[in-house]
Amino acid sequence: MDNKEKDFVLLKGNEVIAKAAIRYGYDGFFGYPITPQSEVLETLAADKPWETTGMVVLQAESELASINMLYGAGCTGKLVFTSSSSPGVALMQEGISYMSACEIPGVIVSVGRGGPGLGTIQPGQADYHQAVYGGGNGDYRTIVLAPNSVQEMGDCMGKAAKLTFKWRVPVIVLSDGMIGQMMEKVELPPFTPRRTEEEIGQQCPWATNGIGLKHRKYNFMSSLEFDPQTMEDRNQKMADKYRQIEAEEVDYELYKVNEDTEYLIVAYGISSRVSMKAVDLLCEAGVKIGMLRPKTLWPFPNKAISQLSERIKSILCVEQCEGQMINDVRLATEGQATVYHSGRSGGMVSSPTDVVEDFKRMARENLSKNWPKGYWMK
Amino acid sequence: MTEEIIISGFGGQGVLSMGKILAYAGIMEDKQVSWMPAYGPEQRGGTANVTVIVSDDMISSPIVSHYDTAIVLNQPSLEKFEPQVKPGGTIIYDGHSIIQPPKRDDIYIYRIDAMEEAARTGNSKVFNMLVLGGFLKVRPIATVEDVVRGLHKALPERHHKLIPMNEEAIRRGMKIIRKMN
């Protein structure tokens, strides 16, 4: 079909989050505005899904309220999400831990900005630890999806909806201010109707919604457990589930990686877009370099990185922070390749030439003995 | 074809919407587009800029350090972006807003007196469309028809009655742009 006939629209990443959620049949949104993700709530308010699909949109009084509304609505088996940016997501950590403890589905969109503290409102990727390792207490993990385009922002809302119910773990969509604020050509998904009460009753027998009480016992949700043995049993059951997620849900993408690849860039989100151009520039200059982009940050593509690091010289980990994902990349290499950091922080974002310069520095350091002069330059 | 453009000026000059309309026109031409604003607490009178990339191929980085074309609508923008234009690239500036014009001799320099034209016709709102017309004259990456179709898509229906006025401004902008070197 001719593209001109397709319904392509020009939208911001944040706007697509909202529009895609409506179309994927989400039942509710609870959130509090914060730059750079306020367009999510704004778009929902403008599109009024409560008049069409029946989706609930509620501006809560704070991020604490939002996450606990998510917790409550999630308990009933409804598909719900919230969105915020770095300091707002920091406030949500307790709720995410409680949701994990009760194995409650819910989607949290995190549009990162420069930190720590209130930081800046410019784009940042310093919330990798916050999303992947969590700021809440206890033995829990959350699936983390990392979109790198406006189109993927929407796609991730569909993927997150599936994963959060499949595994009964909260799913975090970790984006950044740049993907949230930039506009690209997008094809929106078709409308999926929201699940009916009967469907929820069939699909979520664990939910505390009163559906089917004639045929089952009361469901009870609590993260509090007085008996340590029972608590350990619950933790072990969750850990088994996490191992299964690690085995089944890893997703990543390779760019210009082939048998001859000597150097690797690992980057996600906006950094992967910037790095893609840096890879193009370096390849043009004759460098054998490719990129691995994790599309899921947890589970992390450990195996793929481990296998690649057997045969490559070194890895450049590009992220817009002072180095967080780099630790996971280092672990994944199992000591087989040296990993270097590239990136800016506090709201500054690398340009492709910054990445190229960092690559040159890495290559000089790594291969000072036998680096052929002018190898990367035409 | 890939055209990497920076549009920069004061907030309120219509910099971001000009970029958006250009991106929509790119979509109408079946191209890939990206629109990346420098967002922040900018208001009318502050600085605003947007990077627009229009390409036949997939766009990798929405951020670039060098541009094919810089459209500069105030002096600080010129000073910031003149060194970042690729050799052989283009600068378009508004004659009224720029006191010290660009000096480089390895780029094409164009002047458009859009501010004056807008004041003369008593319609300051079409300033950005005059500039857009000038740009499309020297870098014909989309036709006026594409822009008009893009406007129909970009604007809510209640504003469609303003499209002919904008189209006229684009065509006028094409006439008043002048080559300076």
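Is A:Ser175 buried or exposed, and what is its relative accessible area? In this predicted model, where local features need pLDDT of at least 70, side-chain atom pairs count only at pLDDT 80 or more, and totals for chains, interfaces and linings use all residues, A:Ser175 is buried, with a relative accessible area of 4%; buried means under 20% relative accessible area, exposed over 50%, and partly exposed in between, with a 1.4 Å probe and protein chains only. Residues are numbered from 1 along each chain as its sequence is written, chains are lettered from A and ligands numbered from 1 in the order in which they are written, and side-chain values use heavy atoms, with hydrogens and water left out.

A:Ser175 belongs to strand E7 (residues 171-176) of chain A, where strands (E, at least two residues) and helices (H or I, at least four) are DSSP runs numbered from the N terminus. Beyond its neighbours within four places in sequence, A:Ser175 is in contact with A:Ser110, A:Val111, A:Gly112, A:Pro147, A:Met153 and A:Gly180, contact meaning heavy atoms within 4.5 Å.

Elsewhere in chain A, 10 of the 11 residues of helix H1 (residues 13-23) are buried, so this helix is largely enclosed by the rest of the structure. The buried residues of H1(A) include A:Asn14, A:Glu15 and A:Arg23, and the helix is followed by A:Gly25, whose phi is positive, near 80 degrees.

Chain A is divided into domain 1 (8-197) and domain 2 (253-366), with bounds that come from an automatic or database domain assignment. The C-alpha centres of these domains lie 27 Å apart, and their contact takes 30 residues from domain 1 and 25 residues from domain 2.

In chain B, B:Asp94 lies in strand E5 (residues 85-94). B:Asp94 is buried yet has no salt bridge, the nearest side chain of opposite charge, B:Arg111, being 7.2 Å away; a salt bridge is a side-chain nitrogen of Lys or Arg within 4 Å of a carboxyl oxygen of Asp or Glu, and Lys and Arg count as positive, Asp and Glu as negative, with His and the chain ends not counted. A polar atom of the B:Asp94 side chain does lie 3.1 Å from the backbone nitrogen of B:Met115.

Note on methods: A polar contact is a pair of N or O atoms within 3.5 Å; within protein, one must be able to donate a hydrogen and the other to accept it, and residues adjacent in sequence count only if both atoms are side-chain atoms.
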